[in-house]
Amino acid sequence: MADRYAVFGNPIKHSKSPRIHAAFAEQTGEAVEYSAQLVELGAFENDVARFFAEGGKGLNVTVPFKQNAWNMAAQRSSAAERAGAVNTLYQSADGVLCGDNTDGVGLVADLQDNNGVSLKGARVLMLGAGGAVRGVLEPFLAAGAAEIVIANRTVANAQELVDLFGDLGHLSACGFSDVEPRAFDVIINGTSASLQGELPPVPDAVVGPDTACYDMMYGAEPTPFCIWAKQQGAAIVIDGLGMLVEQAAESFRIWRGVKPETRGVIAEVRRELAG
Ligand code: NDP
């Protein structure tokens with residue numbers, strides 16, 4: 001019988017995770033069954049406990065429960081500890097609930113392995129200061145980023161991240177229009193502005209002919225950030241679909257000890273998105 005996994009979230013209807021994990025299971029021959037489960041607000045802790053009590057092997061956790069999962073996990077990886085959020089839950093051999101966060105590893109893998117963008121020595125502009133950005137700062141610094149400027153609508157939220165991660169590397173905080181108008185090596189849009197069809201108002205000069213631009217958001221159509229980056233002549237423009245597949249692959253590896261191949265899966269999901 002297949003081992004049971006699931007993603008818990010609210011809303012969850014449009015989750016691509018079951019599709020992605022089904023592709024991983026088929027490709028690796030692992031006996032895995034993976035479903036999406038809508039969890040009512042306030043029911044997360046009970047639903048997680050029941051899932052594992054009934055023999056479930058592992059969970060992905062998405063909006064709005066990543067912090068609840070962090071609180072529930074009795075053991076957390078260092079990535080999860082600093083991220084303040086858990087997107088991957090499983091039990092150790094002796095039944096301890098363990099939490100990890102694979103978003104940062106996923107983004108670094110998509111940039112470096114799939115798109116040839118090296119973070120070593122890079123000057124990075126990070127737009128946004130929410131949960132997603134918090135999850136990627138440590139992996140970015142570990143991958144060798146020389147400097148990260150965190151620009152956000154609410155500067156205090158960016159400053160909070162500088163205070164939290166400043167011991168790990170060269171970080172600074174500012175508002176969008178205060179970003180120094182000089183080309184960065186890598187620009188990440190980790191805001192949810194694209195959801196509202198908006199663009200963080202940074203100076204155009206932050207994009208140069210060698211800049212790689214990445215929007216954590218993805219969809220059937222190019223995001224406003226990706227359209228803008230192309231117009232500014234960025235060397236590479238990427239959306240967040242690869243990050244989604246890579247963070248799923250890292251969860252799969254944690255659970256099964258097998259790392260699936262991702263490129264074919266990214267291409268398949270991309271084709272399905274385009275309809
Ligand atoms: P949060 O709600 O935690 O943070 C949202 C961030 O966006 C904050 O910095 C907020 O600024 C900023 N923001 C919101 N609206 C606007 C706007 N109109 N203009 C400028 N800035 C704005 O969200 P997350 O960090 O969880 O997610 C951010 C994005 O990353 C989402 O689009 C999400 O879909 C995507 N994501 C993609 C993943 C993937 O695998 N591809 C994984 C995780 C996230 P302020 O602080 O001022 O409120």
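Which residue in β5 is the bridge partner of G58? Keep that in mind while you load the structure, which is a predicted model.

**Stop 1: the sheet.** Colour the strands. Six of them form an open sheet in the order β2-β1-β3-β5-β6-β4. The pairing is mixed. Now select residues 32-38, strand β2, and 75-76, strand β4. These are the edge strands, and each pairs on one side only.

**Stop 2: β3 and β5.** Select residues 58-61 for β3 and 88-91 for β5. The two strands run antiparallel, joined by three bridges. Pick G58: its bridge partner in β5 is Y90. That settles the opening question.

**Stop 3: helices on the sheet.** Show α1 beside the strands. The helix packs on the sheet and touches β1 (3-9), β2 and β3. Its direction makes about 175° with that of β2. Next, select residues 44-53, helix α2. This helix also packs on the sheet, with β1, β3 and β5 as the strands touched. The direction of α2 makes about 175° with that of β1.

**Stop 4: α1 against α10.** Select residues 17-28 for α1 and 263-274 for α10. Their axes come within 10 Å and cross at roughly 140°. An angle of 65 to 115 would be roughly perpendicular and one over 145 roughly antiparallel, so α1 and α10 are oblique to each other. The crossing is right-handed. Show side chains for the contact: R19, I20, A23 and F24 on α1, with V265, E268 and V269 on α10. By class, five of the contact residues are nonpolar, two are charged and none is polar.

Technical notes
Residues numbered from 1 in each chain as written. Predicted model: local features only at pLDDT ≥ 70, side-chain atom pairs only at ≥ 80, totals over all residues. Axes fitted to C-alpha atoms, helices over the stretch in contact; angles between N-to-C directions. Helix = DSSP H or I, 4+ residues; strand = E, 2+ residues; numbered from the N terminus. Parallel < 35°, antiparallel > 145°, perpendicular 65-115°, else oblique. Left-handed = near helix turned anticlockwise from the far one by under 90°. Contact = placed C-beta atoms within 7 Å. Nonpolar A, V, L, I, M, F, W, Y, C, P; charged D, E, K, R; others polar. Pairing = 2+ DSSP bridges.
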